[in-house]
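Here is a short tour of a protein model for someone new to reading structures. Take a moment to look it over, then follow the topics below.

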Amino acid sequence: MKPTFHHRLINSQFEDPSLFVRMLRESRAFLFDSGRIDRLSTGDLLKITDVFVTHMHIDHFIGFDTLLRALLRRETPMRVYGPEGIIECVEGKLRGYTWNLIEEYPIKIDVFGISERRVRHSSFYAENCFARIDKGEKAFGGTVLEDPPYAVRAACLSHGIPCLGFSVEEDVHINIDKAALDVLGLPVGPWLSDLKRMIREKASPDAPLCVDSREFKFSELVHIASITEGQKVSYITDVSPQEDNLTGVIEFVRNSDTLYCEAYFLHEDRERAFERHHLTAKMAGEIARKAEVRNLVLMHFSPKYRDRAERIEEEAMREFTSQSSY
Ligand SMILES: [Zn+2]
Ligand SMILES: [Zn+2]
């Protein structure tokens, strides 16, 4: 089954981290961190419906203005998700301009500030000259966006300040094998939707399923469906190397098809990594190995290694592919 989205970093490993995730069968994209994004075409900027910001350091947030300018005349709202404080940061950016001539513009911005237990929601509409409207708060259970077939989850991590990790996942793909249906002599019908729902909900093997007034067990019919796991892509950057943070990241990114992970320092500079609240290349490799991810993509290298990028890659990949823990 073909994936439903493509993903790529916008900039080189020594520049601002920003991940562009493009949905293939719709004119839509997600953006993870909004650092420098002016390399995206206007067409790609216009596809971005949802922006997920790990934290508001300037290298992760300066591109907000580029996006805002591109989307001012767009009907589809823009949603921005980030850690506690993002509402105030978006408000501050909007207040940095004069907006007396935009009441006719359609753009609406919804901002969600995420902390361990709650999500605060505020809106800024061009028709009100971007005056802040507080929409209240909800409990936070780990999922920031559920928009089938996509779900985006966030983990609350530390970078000395609150910082979010993100993962985007597709639903499982379920295809019905028509030949297997014929062998059983069963008709196509609404019961197939029930079967798909039971697969998604991992029903028990004995759960009953009615087809044309005949009763079956779930386990007797599940083989007519071929099930492909949807892809999972995770994005982790600017994370303090302390133990509880690393354990949290490993659980969060477990079984990702692709993990985008910072490798800001070489391990020989790990004292600096602790001081600056960043991961080393070796730590990125260890996270990827322990979480059993299939593909590790490194990003966000300190400029001090500009002539030694291959050492960062080597260090992370050696750890990723090694058998033992250290
Ligand atoms: Zn950074
Ligand atoms: Zn940072």
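Which residues of the largest nonpolar core touch the most other members? They are Ile236, Val253, Leu259 and Ile287, in a core of 33 residues. Please keep in mind that this is a predicted model, in which local features need pLDDT of at least 70 and side-chain atom pairs count only at pLDDT 80 or more, while totals for chains, interfaces and linings use all residues. Residues are numbered from 1 along each chain as its sequence is written, chains are lettered from A and ligands numbered from 1 in the order in which they are written, and side-chain values use heavy atoms, with hydrogens and water left out.

**The nonpolar cores**

- A nonpolar core is a set of buried Ala, Val, Leu, Ile, Met, Phe, Trp, Tyr and Cys residues joined through side-chain atoms within 4.5 Å; buried means under 20% relative accessible area (1.4 Å probe, protein chains only).
- Apart from the core of 33 residues lies another core, of 30 residues, including Val53, Leu71, Met78 and Ile107.
- In soluble globular proteins, nonpolar side chains tend to be buried together.
- Leucine 259 has contacts (heavy atoms within 4.5 Å) with residues including Ser234, Ile236, Val253 and Ile287.

- Asp59, His60, Asp238 and His300 coordinate the zinc ion (ligand 1) at 2.1 to 2.4 Å; donors are N, O and S atoms within 2.8 Å of the metal (3.2 Å for Na, K and Ca), and sites may look incomplete because water is not among the atoms.
- His55, His57, His159 and Asp238 coordinate the zinc ion (ligand 2), at 2.2 to 2.3 Å.
- Aspartate 238 bridges the two ions, which lie 3.5 Å apart.
- Histidine 55 counts as buried because its relative accessibility is 1%, and aspartate 238 is buried too, with a relative accessible area of 2%.

**A strand and its partner**

- Strand β13 covers residues 208-211; strands are DSSP runs (E, at least two residues), as are helices (H or I, at least four), numbered from the N terminus.
- Strand β14 (residues 214-217) runs antiparallel to β13, joined by four bridges; two strands pair if DSSP finds at least two bridges between them.
- Cysteine 210 stands opposite glutamate 215 in β14.
- Two residues separate the strands of this hairpin, where aspartate 212 takes a positive phi near 50°.

Definitions and conventions
Buried means under 20% relative accessible area, exposed over 50%, partly exposed in between (1.4 Å probe, protein chains only). Lists of a residue's contacts leave out its neighbours within four places in sequence.
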